[in-house]
Amino acid sequence: MNKVTIIGAGSSFTKDIVVDMINIPNLGDEVTVGLIDLDPVRLDLARQLVEKVVSFAGRSWNVVASTDRKEVLPDSSFVINQIEVHGLQTVKYEYEIPLKYGVKQCIGDTLGPGGLFKTLRTLPAWLEIVRDIEVYCPDCVILNYTNPMSAVTLATVRTTQIPVVGLCHSIQNTSAQLAKYLDVPYEELKWRAGGINHMSWFLELSRNGQDLYPELKERMNDPELLRKDPVRLDAMKYLGAFVSESSGHFSEYIPYYRKREDLLERHCGVGYNGGTGFYANNWPIWRKENDEQILRRISGEEEISFESSNEYAAVIMDAIINHTPKVIYGNVANRGLIDNLPNDGVVEVACLVDRNGVHPTHFGKLPEHLAALCRSNMAFFDLAVSAVLNRDKEAALHALMIDPLTSAVCSLEEIQSMFNELYEAEKPYIAELR
């Protein structure tokens, strides 16, 4: 029997993951979908939706749901992490307090003040879950979707021997976007990427042996194209490679675009393209809308699509269960995969998946200037994770001090003041640091 357990089942990912599982060949009916969420209302919505999806697909899969993970975890083959820890209570703090100091975040869930405090409130809860996974399903594979991706995966790698791979959709989405920008059929675009989550670099873009970067640089002279992806295209112009995460996210991971109002106006548009406060102002609304959409799907008011998504979770399951090798891009322990990035960090590279699990492939070296940008982010993650594992308040403060955006805007004194204010505001939601 194959059992897949989803932790944080109230997430919008759950429906897509279950549909993708239904589309895996030869799974049969000996499947159990386990659902875990601390919110009993959202858990019940997830259960009803999954049961409806399974029923509509004509499957007789077993669906089990509980707020107590110890009831669901036993015998899981795959555990999918998509938890959100105290996000509704803290999203305004993590945007509005840094804003007072001139730090203007667009998303704030990976780096920066928002990413740091999301790490501080997410990791303690997640590591407790990992301890239970070790007890109840030690032979499983952990698939992590929770941001900050690199920090959550790094903490997992450092605290357990259970196989873990961090999964994102930025590589899939960006390679498809690049094909559209270049008017090239996706299946004819040859590309190669590597780096870290949200900062993987497409070092090769070609078609039939022809380098497509000169064409992409020429096309970015079109104002309409530049408006679609302003930060990534501008960065490519100077750095020489296109990056894997959206303009809004990426603008926060480097020190160049969000430190002055004129730069924000020139390069950072609205929404995901870099709008200040976009995530903080909209995420509570999106969460409410997601729950409302689930209700419409349960009632039959909205049709349920059975088209596969581009997420990698089911691809990994298919490869392992059906012994059909696949290639994914995963976030994994470096261990010599990218030669000029820290060996004890987490990197994003192509991985072969087969009946024996996930096998990362050697990437080689990044161009040094791109590696340096990745290393700045990896140092932040290392300090943030160490702060949680060692309950070290100073390490958390130092993470914020070396954050690319925060350090571009604030003095060290201001960063310490901002950190203290955030720490006091979020004390009820984070583990106490010494």
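What share of the contacts in the chain with a separation of 6 or more comes from residues 24 or more positions apart? The figure is 70%, and it's a handy way into this predicted model.

Start with the overall build. The chain has 17 helices and 13 strands, and its C-alpha trace spans about 55 × 55 × 45 Å along the principal axes. A compact globule of 434 residues would have a radius of gyration near 22 Å, and the chain's 21 Å agrees with that. Of those 434 residues, 57% count as buried.

Now for the inside. Nonpolar side chains tend to be buried together in soluble globular proteins. Here the largest nonpolar core has 141 residues, and the members touching the most others are Leu-116, Ile-133, Leu-143, Met-199, Trp-201 and Leu-216. Helix H14 (residues 368-389) supplies the largest share of this core, 11 residues. Another core, of 8 residues, lies apart from it and includes Tyr-95, Cys-106, Phe-278 and Tyr-279. Back at Leu-143, leaving aside residues up to four places away in sequence, the contacts include Phe-78, Val-79, Ile-80 and Asn-81, along with Val-165 and Leu-167, and then Ala-313, Ile-316 and Met-317.

Helix H5 (residues 149-159) is mostly covered too, with 9 of its 11 residues buried. The buried run goes from Met-149 and Ser-150 through to Thr-156 and Val-157. Arg-158, though, counts as partly exposed, because its relative accessibility is 32%. This arginine forms a salt bridge with Asp-344, at 3.7 Å between the closest N and O atoms. Asp-344 lies in the loop between strands S11 and S12, so the pair ties H5 to a part 186 residues away in sequence.

That's one of 26 salt bridges in the whole structure. Lys-100 and Glu-421 make another, at 2.4 Å from N to O; Lys-100 is in helix H3 and Glu-421 in helix H17, so this pair links parts 321 residues apart. Lys-100 counts as exposed, at 57% relative accessibility, while Glu-421 is partly exposed at 27%. Glu-261 pairs with Lys-104, again with 2.4 Å between the closest N and O atoms. Since Glu-261 belongs to helix H11 and Lys-104 to the loop between H3 and H4, this bridge joins parts 157 residues apart.

Technical notes
Residues are numbered from 1 along each chain as its sequence is written. This is a predicted model: local features need pLDDT of at least 70, side-chain atom pairs count only at pLDDT 80 or more; totals for chains, interfaces and linings use all residues. Side-chain values use heavy atoms; hydrogens and water are left out. Buried means under 20% relative accessible area, exposed over 50%, partly exposed in between (1.4 Å probe, protein chains only). Helices (H or I, at least four residues) and strands (E, at least two) are DSSP runs, numbered from the N terminus. A nonpolar core is a set of buried Ala, Val, Leu, Ile, Met, Phe, Trp, Tyr and Cys residues joined through side-chain atoms within 4.5 Å. Contact means heavy atoms within 4.5 Å. The radius of gyration is taken over C-alpha atoms; the globule rule is 2.2 Å times the number of residues to the power 0.38. A salt bridge is a side-chain nitrogen of Lys or Arg within 4 Å of a carboxyl oxygen of Asp or Glu.
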